[in-house]
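Please consider the sequence and the structure shown below. The paragraphs after them lead through the fold step by step.

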Amino acid sequence: MTTLTRVSGLLLLAAVGLRAAEPDGGALVRRAFEGPRAPYQGEITITHWSAAGARAEEARVYVQDRGTYRYEYLTPAGRVGRVVVGAKGVEHLLKPEGRRARSKPIQPALSPDKEWTLFQSNYRVSAPTRDRVADRAVWSVELTPLTEGKPRERWWVDDDAGVVLALRRYGPDPGDASMVRFVRFEAAPGLNPRLFEVAAESETPAADAPAGVDAPRALPCGFVLKRDRRFQTQGVTVTQWTYTDGLTVVSFFRTEKPVRLAVPRGRMAVVQEHRGPAYFTVISDGSEALLRRLCAEWPDDLRAP
Amino acid sequence: MIHPPDWSFPSAFVDGALADDERVLFEEHLAGCAECRNEVAALRSLKARLAEAPRRPLPAALRASWARRSRPPLWRRWIPPARSPRWFAAGLATAALAVATAWVLQRDVAAPAAIDLEPLMAAHAASAAERPMPVSGFYEDDAVRWASYNDDADSR
């Protein structure tokens, strides 16, 4: 065996070894869907770009598990502003200037398995590449929708922690993008339980009422019905149907009054149609063309089940 | 010389039918306009000759027939004749504006008042935030975020 053959063999083995060490992109994403494996804390920056300009915010994050968390949003001066606490199936929003809190139930979403199945049928995951976020080694993957008009994303996943350390979402409009990124991240096995406690004066959240009418279980472009609910606003009953394709969410709202659309919507696309006695307003960060395509499949008449 | 835009002025002036401001304006114009002075003189001369013409009584049947024909229609009793095309145009525009206003008011009464979009945006954002790393929920405007809680507090 010549020296050249030996060197070639070693290089080949090294390449195979490196390839074997590279995780499967799909498996990485699936682990992130399942939630964190251990408690952690850190600090994140949130940036959003749109035609209106760029906005940025900072927050401290404490996460015990998927449903137990505390986000402390910081003011420009670096002090704690509003605080969001999720615990025991309820999310509380604490006003910075006072102790009064608002609360709402944390709705049970689709199971991670169901969400993962949906995601797989609607998105393609690129081969992972190495990168670093918050001074930690991460894998970066691109999530590309199989249907035009949906946002695409890039995730930077900490495989050990099962946490997405950075996420960039690119809207259908090239001027729209969002970035959430940890600037500090550390495992925190001994998080103080008091972080997730809220003063008893916060209101008891009311449970959502079901919509009371049948809506399509599935829509084109891979969307399936995730939830329906009914709530009151401005003296009007609003029925909301939420659809997801595993990553992008679309909401259909039914009202008996029209909705005033001439307001800044950020990166959101909003479409409104008047059918019979009702107005349907559709909201998503997908493209307007996508929403119109979904609207075309929406039935004119919704009957009680 | 620039003549008044309304060429009925000389005739109306001779008949004493101009408004005060129009009469003053036309008199100022006459001082420098020989053409209009001639026109006014001719009209006055004609008027004088007509006044001097012998008068004979009309046959009673013809007088009664003319009286019937010259009676103004019902709408004319309510809407006086326009004094000039300019006034007629102004009247027409006012009437059109009144009709348009009435139509808009009637439409607003018939159509239900619109509601604000923000609570719907907030409800959508709350749904979209349920993700491995929420994007929407992290940086929504405070107003929108609060609205989502307010609405849920109103849920029934």
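The model is a predicted one. In chain A, the secondary structure amounts to four helices and 19 strands. Of the 305 residues in this chain, 49% are buried. Contacts may also be viewed by sequence separation: among those in chain A with a separation of 6 or more, 47% join residues 24 or more positions apart.

The largest nonpolar core consists of 22 residues. Tyr40(A), Ile44(A), Val61(A), Val163(A), Leu165(A), Phe182(A) and Phe185(A) have the most contacts inside this core. At least two residues of the core are supplied by each of the strands β1 (40–50), β2 (53–65), β3 (68–74), β11 (163–170) and β12 (177–187) of chain A. Strand β12(A) provides the largest share, namely four residues. Apart from this core lies another, of 19 residues, which includes Cys221(A), Val250(A), Phe252(A) and Leu290(A).

When residues up to four places away in sequence are not counted, Phe185(A) touches Tyr40(A), Gln41(A), Gly42(A), Ala134(A), Arg136(A), Asp158(A), Ala161(A), Val163(A) and Leu165(A). Leu165(A), one of these partners, is found in strand β11 of chain A. Is Leu165(A) buried or exposed? Leu165(A) counts as buried because its relative accessible area is 0%, under the cut-off of 20%. Along the chain, Leu165(A) and Ser140(A) are 25 residues apart, and their C-alpha atoms are separated by 9.9 Å.

Helix α7 (residues 118–128) of chain B is mostly covered, with nine of its eleven residues buried. These buried residues are Pro119(B), Leu120(B), Met121(B), Ala122(B), Ala123(B), His124(B), Ala125(B), Ser127(B) and Ala128(B).

On the surface, Leu58(B), Leu62(B) and Trp66(B) form a nonpolar patch, and together they have about 280 Å² of accessible area. Leu62(B) has its place in helix α4 (residues 60–70) of chain B.

Technical notes: Residues numbered from 1 in each chain as written. Chains lettered and ligands numbered in written order. Predicted model: local features only at pLDDT ≥ 70, side-chain atom pairs only at ≥ 80, totals over all residues. Heavy atoms only, no water. Buried < 20%, exposed > 50% of the residue type's maximum accessible area, 1.4 Å probe, protein only. Core = buried A, V, L, I, M, F, W, Y, C linked by side-chain atoms within 4.5 Å. Contact = heavy atoms within 4.5 Å. Patch = residues over 30% accessible without salt bridge, like charges linked within 9 Å, V, L, I, M, F, W, Y side chains within 5 Å. Areas by Shrake-Rupley, 256 points an atom, 1.4 Å probe, with all protein chains shown as cover. Salt bridge = Lys/Arg side-chain N within 4 Å of Asp/Glu carboxyl O.
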